[in-house]
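Here's a quick briefing for anyone meeting this structure for the first time. Take a look at the model, then read on for the main points.

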Amino acid sequence: MSRTLVRDSLIYSGGILLARMLGFLLIPLYTRYLNTAEYGALALLTLLIQGINYLCLMGINTATTRLYFLPTADDAYQRKLFSHASLLLLVVPAVVLIPAVPIIGAVINLPFRSLVLPVLLMGLFTPMIQLMNSLLTIQHRPLPYAAFHLSYFFFQSVAIIVAVASLGLGLVGQVLAQATTSALFAGVALMIIMRYTPPKYVRGLTRPLLMFGIPMLPSFLCVWVDA
């Protein structure tokens, strides 16, 4: 038991750590190819991405994990739970972002305001990745979890390097590379979920998922503000 615990802890933490290191290695690239205004805008856009992700998730991935382990939950209920949660996360982000686009575009005064739209579109993709994270964790699959995140950050880093350094697209290239990678791996995440159960409406599950998830939004936003 102790060996398994240590091994899985190393796999989970090691995969995330290596992925974050790839992001850290991009800092010299940014300082060389982005000017001061672009670098400052990148920090604001990154903060916006994190806030949009919290908002689009609506706490649904956390609610799914909580309801999955109810004493009365059998395999059929657990599969229905992920079916409905994946459907919600295909619909809810779009519903949230449609009114958010003009509001955020009007409020945020950036010299690169045109990049706000692709940043917001990332909110369509990240929730599915987060739900897949919950599924792999529940199923106790540390190797696929670590492999997914390493692949995600590796391809994202390569795309950013090509867009920023090779193509000379600057901040625009960075954002487009990040959005493209997010879309690609959201598709991979959806396929992983569909191998377990396809997205499907299940009557009676919207309320418990949202009633558990939405009250968690203030705590998520507090974490975001603190960051």
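Let's start with a pair of helices: H4 passes H6 in a right-handed crossing. Keep in mind that this is a predicted model.

**How H4 and H6 meet**

- H4 covers residues 60-68 and H6 covers residues 116-138; their axes come within 9 Å and cross at roughly 25 degrees.
- Angles under 35 degrees count as roughly parallel, so H4 is roughly parallel to H6.
- On the H4 side, the contact is made by Asn-61, Thr-64, Thr-65 and Tyr-68.
- H6 brings Gln-130, Leu-131, Ser-134 and Ile-138 to that contact.
- Sorted by class, the contact of H4 with H6 has three nonpolar residues, five polar ones and no charged ones.

**A look at Asn-61**

- Asn-61 sits in helix H4.
- Is Asn-61 buried or exposed? Its relative accessibility is 10%, so Asn-61 counts as buried, given that the cut-off for buried is under 20%.
- Leaving aside residues up to four places away in sequence, Asn-61 touches Gln-130, Leu-131 and Ser-134.

**How H7 and H8 meet**

- The second pair is H7, residues 142-166, and H8, residues 170-196; here the axes come within 8 Å and cross at roughly 155 degrees.
- Angles over 145 degrees count as roughly antiparallel, which means H7 is roughly antiparallel to H8.
- H7 passes H8 in a right-handed crossing.
- Which residues of H7 meet H8? They are Phe-148, Ser-151, Tyr-152, Phe-155, Gln-156, Ala-159, Ile-160, Ala-163 and Val-164.
- Over on H8, the residues they meet are Gly-170, Gly-173, Gln-174, Ala-177, Gln-178, Thr-181, Ser-182, Phe-185, Val-188, Ala-189 and Ile-192.
- By class, twelve residues in the contact of H7 with H8 are nonpolar and eight are polar, with no charged residues.

**Two loop residues with positive phi**

- Met-58 lies in the loop between helix H3 (36-57) and H4. Its phi is near 55 degrees, a positive value in a residue other than glycine.
- With 15% relative accessibility, Met-58 counts as buried.
- His-140 is in the loop between H6 and H7. Phi of His-140 is also positive, near 55 degrees, and this residue isn't glycine either.
- How does His-140 count by accessibility? At 48% relative accessibility, His-140 counts as partly exposed.

**The chain as a whole**

- If you follow the sequence from end to end, the pattern reads α-α-α-α-α-α-α-α-α-α.
- The chain has 227 residues, and buried residues make up 44% of them.
- Take the contacts in the chain with a separation of 6 or more: 83% of them come from residues 24 or more positions apart.
- The accessible surface of the chain is about 12,200 Å². Carbon and sulfur atoms account for 70% of that surface.

Terms used: Residues numbered from 1 in each chain as written. Predicted model: local features only at pLDDT ≥ 70, side-chain atom pairs only at ≥ 80, totals over all residues. Heavy atoms only, no water. Axes fitted to C-alpha atoms, helices over the stretch in contact; angles between N-to-C directions. Helix = DSSP H or I, 4+ residues; strand = E, 2+ residues; numbered from the N terminus. Parallel < 35°, antiparallel > 145°, perpendicular 65-115°, else oblique. Left-handed = near helix turned anticlockwise from the far one by under 90°. Contact = heavy atoms within 4.5 Å. Nonpolar A, V, L, I, M, F, W, Y, C, P; charged D, E, K, R; others polar. Buried < 20%, exposed > 50% of the residue type's maximum accessible area, 1.4 Å probe, protein only. Areas by Shrake-Rupley, 256 points an atom, 1.4 Å probe, with all protein chains shown as cover.
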